[in-house]
Amino acid sequence: MSDTTDQIIDSNLNNDNQPIVDKELEKIQNFKGKYPKQLWHLFFSEMWERFSFYGMRGMLTYFMVYHLFMEKDVANLQYGATQSWVYAFTFIGGMFADKILGFRKSLFWGGLLMIVGSIILMINPHEFFFTGLAFLIIGTGFFKPNISSMVGQLYKADDNRRDAGFSLFYSGINIGAFFGGLLMIGVGKGEILSSVIPEHLRWNVAFGLVAFVMMISLLIFIFTRRELGPIGLPPIDFEKHKSKRWYEYAVYIGALAVIPIIILMVSNTRYTDYFMYFIGPFSLVYLGYEMTKVTKEERNKLFAGLIFIVFSIVFWAIFEQAGGSLSLYAAEHLNKNLIGIDGVDPNMVNNSANSLFVIIFAPLVGLFWLWLSKRKAEPNGVIKFGIGFLLLGLAFYTFYTGQFFGLEAGIASLDIFTLGYLIVTFGELALSPIGLSLMTKLAIPRLQGFMMGMWFLASAYGQYVAGLFGASISPDENASSAEKLAIYSQGYKDFALYAVIAGVLIIALSPFIKRLMQEVK
């Protein structure tokens, strides 16, 4: 980035003058009403970034099977590998933001890389598929964890409005995810704008939408950055310590230098296996090192955060079948009738139903938590986590039952499938936004980005395991349609059982975890 860009991101704030910084931050955190105004700015910036991410997520497995002609089990593994790299880089991006760039510069740099990656895919998604993915992977790593961390800093540590704020922020994520999941797969398959976009350009346009919306996301961030006060500024004052400016440039150069390596490792899932064997233990060793430098109370909170992180791996391994096995299940084993409406594309439902339900229900769930809190009846974060798992189990059992409501062999009910996603939504709302909120509550300030990165690294492992799960239930291509449906359905029944076991276990452990969390709820 140039010095001009540095000025854009740094704005005119002075992070040397600590009393002024503290006063500005206090003014932001002493907001009136349910939500701070800065939350809305981050809401819209994140919304457009998630349009691109979830639009891509919804297309990957379908595109690999039906346009790159991969075997289904290979495509599931490839999907898991790609998504795990995306979330692994959020861990790395969080570390660089904490130590060098700050949240703002990290977000801006990540957005630029995502724009470049999507333009590459727009030019030729068949020829440059893995090259474009590499840019998107690294860009998302710098963007995603840091905007969530900035949301957390809008609140004081003991502000009970935080969970409601993260629930609203989560609905913003899903507005982007809804439109991205709906439009990109719809354009690519020719279900939307087929009379306007030539058939041979449909996938180019679908991938090109990513670049367009990411430009909108960055413009929103640039024009609203001054409202953030000191939030997100670099931990190093580069104007005062000019000799350390090379740290920043080294991050940018390093990110570009590893792109060929990422292309190789993403295109070959065996290398992904090696990376996952390394990054998890490394992150635990680093966290252990940081825990030696904090107080006992802070250490207990970090350990509680680690427990949530480990359990979340199981949740995402099951939940993320949405972009893998459920994408292929929707393409081949669902009818096209939704609540009496014929001609509904099942892949568009698979990519957007969950997001639509989150848009509708996330604000209501957030207000419900506030309503319970005022009556001192709100369940603590541990119980919410457990509830999330139990609902996820019920949802996947619902997917299992879809086979019994189809009117022809090998075809399940789209209505039951959509009902399953409704239940998934409530499980997700009980766990994911609460998880984001807990990471910001349990982490000490200088480890905010790292712990948020750890949360997304857990998602990386979840995505990785999701690919293994999806590959394990991929039916033989020579099987009949009815046999394939039965194999998928039995797999979803098994996943339901895993989720219920995890939910019961974390609820049983809740007294121990609550002691570690201390005053955090």
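**Helix packing and a bent helix**

In this predicted model, helix H6 (residues 162-189) packs against helix H7 (residues 202-224) at an angle of about 160 degrees, with the axes 7 Å apart. Helices are DSSP runs (H or I, at least four residues), numbered from the N terminus. Axes are lines fitted to C-alpha atoms over the stretch in contact, and angles run from 0 to 180 degrees between N-to-C directions. H6 is therefore roughly antiparallel to H7 (over 145 degrees; under 35 counts as roughly parallel). Their crossing is right-handed, with the near helix turned clockwise from the far one by less than a right angle. H6 contributes Met184, Ile185, Val187, Gly188 and Lys189 to the contact, and H7 contributions include Trp203, Phe207 and Leu209. Contact means heavy atoms within 4.5 Å. The contact residues comprise 9 nonpolar, 1 polar and 2 charged. Ala, Val, Leu, Ile, Met, Phe, Trp, Tyr, Cys and Pro count as nonpolar, Asp, Glu, Lys and Arg as charged, and the others, Gly among them, as polar.

Helix H4 (residues 72-123) and helix H10 (residues 269-291) cross at roughly 30 degrees, and their axes come within 11 Å. H4 and H10 are therefore roughly parallel. Their crossing is left-handed, which is the anticlockwise case. Among the contact residues are Trp85 and Phe91 of H4 and Phe275 and Tyr286 of H10. This contact has 11 nonpolar, 5 polar and 2 charged residues.

Helix H13 (residues 346-374) has 29 residues and spans 41 Å from first to last C-alpha, close to the expected 42 Å (1.5 Å times one less than the number of residues). H13 bends by about 40 degrees at Ser352, the angle between axes fitted to the seven residues ending there and the seven starting there.

Residues are numbered from 1 along each chain as its sequence is written. Local features need pLDDT of at least 70, side-chain atom pairs count only at pLDDT 80 or more, totals for chains, interfaces and linings use all residues, and side-chain values use heavy atoms, without hydrogens and water.

Conventions: Helices (H or I, at least four residues) and strands (E, at least two) are DSSP runs, numbered from the N terminus. Angles under 35 degrees count as roughly parallel, over 145 as roughly antiparallel, 65 to 115 as roughly perpendicular and the rest as oblique.
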